[in-house]
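Trainee: I have the sequence and the model open beside me. Could we walk through them together, one question at a time?

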Amino acid sequence: MRHDFQNSFGKTFLITEFDKPNNWIYNNWQGLLSLEGVIQGSTGVLEILQHSQCPYMLNDNRGVLGSWKQANEWIEAQWMPQALAAGLRYHAHIVAPGVFGQASAEDMHLRVGNSFQMRLFENIEEAQTWLRHMQQSAS
């Protein structure tokens, strides 16, 4: 199951899919993210989560430009309770380069990080290693 999301200019801002070989949901966010885009994309992520019941998520923000902090209140209040109910337990988040993306990720982590296991990473290799370790620990 895979969803591609595009903005009003036809530019893809999110590709999300259940990565069956790795047993995690992979979200590849790109470009400038509006509140509407984050809500639309996160709703698609939630559909995959509800369908797969996969407790592991790899959120890749390496291609994100600027801040998406405006969406964190919605993520905390609306998305997170539904994601937890669907089985999300481990969330590896690769921060976007630059201070705005990092500040957005840190704000989200402060808001929701106590609800489940969430770690922030600078690169994809460390994030994947951590998720694999969590999978091994859970089995």
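Trainee: Let me start with Gln82: is it buried, exposed or partly exposed?

Mentor: Good place to start! Buried means under 20% relative accessible area, exposed means over 50%, and partly exposed lies in between (1.4 Å probe, protein chains only). The relative accessibility of Gln82 is 37%, so this residue counts as partly exposed.

Trainee: Before we go on, what kind of model is this?

Mentor: Residues are numbered from 1 along each chain as its sequence is written, and side-chain values use heavy atoms, with hydrogens and water left out. Local features need pLDDT of at least 70, side-chain atom pairs count only at pLDDT 80 or more, and totals for chains, interfaces and linings use all residues, for this is a predicted model.

Trainee: Thanks. Leaving aside neighbours within four places in sequence, which residues is Gln82 in contact with?

Mentor: Gln82 is found in helix 2; helices (H or I, at least four residues) and strands (E, at least two) are DSSP runs, numbered from the N terminus. Contact means heavy atoms within 4.5 Å. With neighbours within four places in sequence left aside, the contacts of Gln82 are Leu46 and Gln50.

Trainee: What is the relative accessibility of Asn61?

Mentor: Asn61 has its place in strand 4. Beyond four places in sequence, its contacts include Trp29, Trp68 and His93. Asn61 counts as buried because its relative accessibility is 2%.

Trainee: How far apart are the C-alpha atoms of Gln82 and Asn61?

Mentor: Along the chain, Gln82 and Asn61 are 21 residues apart.

Trainee: Now Ser42: what is its relative accessible area?

Mentor: Ser42 lies in helix 1, residues 35–52. Ser42 is buried, as its relative accessible area is 7%.

Trainee: Which residues of the largest nonpolar core touch the most other members?

Mentor: A nonpolar core is a set of buried Ala, Val, Leu, Ile, Met, Phe, Trp, Tyr and Cys residues joined through side-chain atoms within 4.5 Å. Of the 39 residues in the largest one, those touching the most other members are Leu49, Leu58, Trp79 and Leu131. Elements giving two or more residues to this core include strand 3 (24–32), strand 4 (56–65) and helix 4 (124–138). To return to the names you asked for, they are Leu49, Leu58, Trp79 and Leu131.

Trainee: Why are the buried residues of helix 4 on the same side, and what arc do they cover?

Mentor: The buried residues of helix 4 are Ile124, Ala127, Trp130, Leu131, Met134 and Gln135. They are on the same side of helix 4 because of the arc they cover around the axis, only 140 degrees.

Trainee: And which residues are exposed on the other side of helix 4?

Mentor: What covers the buried residues of helix 4 includes strand 3, strand 4, strand 5 and strand 6. Exposed on the other side of helix 4 are Glu125, Thr129, Gln136 and Ser137.

Trainee: Which residue caps the N-terminal end of helix 4?

Mentor: Look for a side-chain oxygen that lies 3.1 Å from the backbone nitrogen of Glu125. The residue that provides this cap is Asn123.

Trainee: How many residues of strand 5 are buried?

Mentor: Tyr90, Ala92 and Ile94 point one way from strand 5, while His91 and His93 point the other way, and all are buried. Strand 5 is largely enclosed by the rest of the structure, because the buried count is five of the five.

Trainee: How many bridges join strand 4 to strand 5?

Mentor: Two strands pair if DSSP finds at least two bridges between them. Asp60 stands opposite Ile94 in strand 5. Strand 4 and strand 5 run parallel, and the bridges joining them number five.

Trainee: Which residue of strand 4 stands opposite Asn28?

Mentor: Strand 3 and strand 4 pair in the parallel sense over seven bridges. Strand 3 is largely enclosed by the rest of the structure, because seven of its nine residues are buried. In strand 4, the residue opposite Asn28 is Asp60.

Trainee: Last one: which residue takes a positive phi in the hairpin of strand 2 and strand 3?

Mentor: Strand 2 and strand 3 pair over six bridges in the antiparallel sense, and Glu17 stands opposite Tyr26 in strand 3. Their hairpin has four residues between the strands, and the residue with a positive phi near 55 degrees is Asn23.

Notes:
Arc of directions from axis to C-beta. Polar contact = N/O pair within 3.5 Å; in protein donor to acceptor, adjacent residues only side chain to side chain.
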